[in-house]
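Here is a friendly walk through one model, written for someone who likes cut-offs stated plainly. Have a look at the structure first.

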Amino acid sequence: LRRAWHRGQTLRTCFVIGPDAEEGAASAKHLDDVLHCLIEPACKRSGYALRTGDPGSRPGRITGEIIRSLLDHDIIVCVLTGGHPSVYFELAIAGSAGRPIIY
């Protein structure tokens, strides 16, 4: 598993699934708000390092790095706003691998 370090301590990691900015401006704005107002503070309080997808990847494309993230991180948080197919596909990958998911 990937581990993050903070002041000499190992942190558990949380990977966030959500719509890409290009997949819909309103959904991406909502994801940003949820990420910064809810998920990020909860991760800090719970001792999780927050990770998100690769901003350089093409919208709608599930890269090898995304798949590794879905399988390697300690917990997955999925924001389903907007009904984007790539988000559901990533959720299915994480679910089929038995990863702990919050959505």
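## Ground rules

This is a predicted model, in which local features need pLDDT of at least 70 and side-chain atom pairs count only at pLDDT 80 or more, while totals for chains, interfaces and linings use all residues. Residues are numbered from 1 along each chain as its sequence is written, and side-chain values use heavy atoms, with hydrogens and water left out.

## The nonpolar cores

The largest nonpolar core has 11 residues, among them Cys14, Val16, Leu35, Tyr48 and Val77. A core here is a set of buried Ala, Val, Leu, Ile, Met, Phe, Trp, Tyr and Cys residues joined through side-chain atoms within 4.5 Å; buried means under 20% relative accessible area, exposed over 50%, and partly exposed in between (1.4 Å probe, protein chains only).

Strand 2 (9-17), helix 1 (25-46) and strand 4 (75-78) each give two or more residues to this core, and helix 1 gives the most, with five. These elements are DSSP runs numbered from the N terminus: helices are H or I, at least four residues, and strands are E, at least two. Apart from this core lies another, of 10 residues, including Ile17 and Leu91.

## Helix 2

Ile66, Ser69 and Leu70 are buried in helix 2 (residues 64-72). Down the helix axis, the buried residues fall within an arc of 100°, so they line one face of helix 2; the arc is taken from the directions from the helix axis to the C-beta atoms.

## Thr52

Thr52 belongs to strand 3 (residues 48-52) and is partly exposed, because its relative accessibility is 45%. Its C-alpha atom is 7.0 Å from that of Ile17, 35 residues away along the chain.
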